[in-house]
Amino acid sequence: MPGHQPPNPPALVSFPSTDVLADSLAAFIVKAQKDSLDKKGRFTIALSGGSLPKMLRGLIGNPGVRWDKWQVFYVDERVVPLDHPDSNHFACMTHLFSKVPIPADHIHTIDQSLLNDLEELSDAYEKELIREFAQKDSARFPIFDLILLGMGPDGHTASLFPGHELLTEEDRWVAYIEDSPKPPPRRITFTLPVINHALRVVFVAAGKEKTDTLSQVLDHPETGLPSARVKPTFPVINFLHAEGIAGTSGLELRLDTFKGIKYSQLGICADRNGPKPCARTASDVPTSMIHYILLVSRQGKLRLAKWFTTLPSKAKAKIIQDVTRLVLARRPRMCNVIEYKGAKIIYRQYASLFFVCEIGENDNELTTLEIIHRYVEVLDRYFGNVCELDIVFNFQKAYALLDELVVAGELLESNKFTALTAAEASDAWEQDEHLQRALSETLYA
Ligand SMILES: O=C1O[C@H](COP(=O)(O)O)[C@@H](O)[C@H](O)[C@H]1O
């Protein structure tokens, strides 16, 4: 489960103006949407209120957006009628949805008939989430493709406020609050586990006062501000515009403001040596997706097949046949990338085994080779110089180790030791179970 893995450091993108931020954010959303549609044909997104809806203007008239594939939820909602100026839905309607062709039933709002009963209202919204997610993704918590958050000057995000008991909620998906320090007082909100299970989480912060809050959140997470508790598996990306941070040239980022952050920045970026224009754009945030991983022997025998896309068995058999033929025909010094039906096959040979992945045409080959190598390293450490026979006789373990690294086609755990520790822990439980069984058989025989 994504939320059980150690979080990655956040990334910060600073923009010279809110217009550039809005364009870049739109490009990022379209890329995330494309990845999700390629993978599963739908796109689930959760939106915040406050200043965020205005920042979504880059989506209006954007030809890359497939509105009919979106399922929209609200990260939090103020408990007021849906046409009330305080409503987050109202803000999103005003600034975005009234201007784009999204089907009305793809926007999941609160049930207005329950405004007088907060418990019923939040339960009903949770049920709405269950309807969308429970059978398709994780039943424990929904896994959103993208959650867009705001950050209040006090560090609150969604309707999770500093020091509030809701910050420790571990079970509920949606909770309610009657005493919000920011008006209106009655709200419902996603809980932190829901936010932390998302595939991508982005904070959008615009305004000078957000600089100090962001610095507090990034440099002093120990203070436990709500925004600092957002720690999903993949890096949180912070889209920031604030005068004084990004000046007119956009390059005057005050690096000392954010000490703890990993500066793997996009758009206008900076590192410890100072800010510089960055070749990458926000839409290049690495969301590379593997469609499948195959392990094929030199004799053309399939040793492992892990699919991250849903395909009929016939199509899978055809792919295995084609890919095996293509890879086996390669000579040693040839490039490790092969074009195949509008996608890319990335392969690497280790002794008698070919490790083969398919990725999209815009995905990153080198990252994929790195993922393959990481998997081989983990296998190697686990089996001690892994060979083909280890995989043949322990294929469940080979799958389990892969599951520790790659989930839903994306690299989940880049630390091989963490992946190994998880596998060794499950071995220990297994042995313990054997022991328990042997003991109880002896005792009760
Ligand atoms: O009250 C709320 O505040 C936060 C932050 O809003 P912002 O105006 O400072 O961006 C927002 O994300 C949340 O959805 C909203 O209900």
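Visitor: Leaving out residues up to four places away in sequence, which residues does Pro162 touch?

Guide: This is a predicted model, in which local features need pLDDT of at least 70 and side-chain atom pairs count only at pLDDT 80 or more, while totals for chains, interfaces and linings use all residues. Residues are numbered from 1 along each chain as its sequence is written, and side-chain values use heavy atoms, with hydrogens and water left out. Contact means heavy atoms within 4.5 Å. By that rule, Pro162 touches Asp154, His156, Leu167, Leu225 and Pro226.

Visitor: Is Pro162 buried or exposed, or something in between?

Guide: Pro162 lies in the loop between strand 5 and strand 6; helices (H or I, at least four residues) and strands (E, at least two) are DSSP runs, numbered from the N terminus. Buried means under 20% relative accessible area, exposed over 50%, and partly exposed in between, using a 1.4 Å probe and protein chains only. Because its relative accessibility is 36%, Pro162 counts as partly exposed.

Visitor: What is the relative accessible area of His156?

Guide: His156 lies in the loop between strand 5 (146-149) and strand 6 (174-177). Not counting residues up to four places away in sequence, His156 touches Gly150, Met151, Phe161, Pro162, Lys182, Pro226 and Ser227. His156 counts as buried because its relative accessible area is 6%.

Visitor: Which residue has a side chain joined to that of His156 by a polar contact?

Guide: A polar contact is a pair of N or O atoms within 3.5 Å; within protein, one must be able to donate a hydrogen and the other to accept it, and residues adjacent in sequence count only if both atoms are side-chain atoms. The contact in question spans 2.7 Å. The partner of His156 is Asp154.

Visitor: How many residues surround the ligand?

Guide: A residue is near a molecule or strand if one of its heavy atoms lies within 4 Å of it. The closest residues to the ligand are Gly49, Ser51, Asp76, His156 and Lys182. The shell divides into two nonpolar, eight polar and five charged residues. Here Ala, Val, Leu, Ile, Met, Phe, Trp, Tyr, Cys and Pro count as nonpolar, Asp, Glu, Lys and Arg as charged, and the others, Gly among them, as polar, and the number of residues surrounding the ligand is 15.

Visitor: What percentage of the ligand's area does the protein bury?

Guide: An oxygen atom of the ligand lies 2.6 Å from a polar side-chain atom of Ser51. For a side-chain N or O atom of Asn88, the distance to a ligand oxygen is 3.2 Å, and for one of Lys210 it is 3.0 Å. Taken alone the ligand exposes 390 Å², by the Shrake-Rupley method with a 1.4 Å probe, where for residues only the protein chains shown count as cover. Of that area, the protein buries 94%.

Visitor: Why is helix 6 described as largely enclosed?

Guide: Helix 6 covers residues 209-219. Its buried residues include Lys210, Thr213 and Leu218, and what covers them includes strand 1 (11-14), strand 8 and strand 9. Helix 6 is largely enclosed by the rest of the structure because the number of its 11 residues that are buried is eight.

Visitor: Which residue in strand 8 is the bridge partner of Leu148?

Guide: Two strands pair if DSSP finds at least two bridges between them. Strand 5 and strand 8 run parallel and are joined by three bridges. Strand 8 (residues 201-206) has six of its six residues buried. The partner of Leu148 is Val202.

Visitor: Which residue of strand 9 stands opposite Phe203?

Guide: Five bridges join strand 8 to strand 9 (residues 237-241), and these two run parallel. Phe203 points one way from strand 8 together with Val201 and Ala205, while Val202, Val204 and Ala206 point the other way. Opposite Phe203 stands Asn238.

Visitor: Which residue's backbone oxygen does the side chain of Arg187 reach?

Guide: Arg187 is found in strand 7 (residues 187-190). Arg187 is buried because its relative accessible area is 1%. Its side chain reaches, at 3.2 Å, the backbone oxygen of Pro183.

Visitor: Is Leu366 buried or exposed?

Guide: Leu366 is in helix 8 (residues 365-383). Because its relative accessible area is 63%, Leu366 is exposed.
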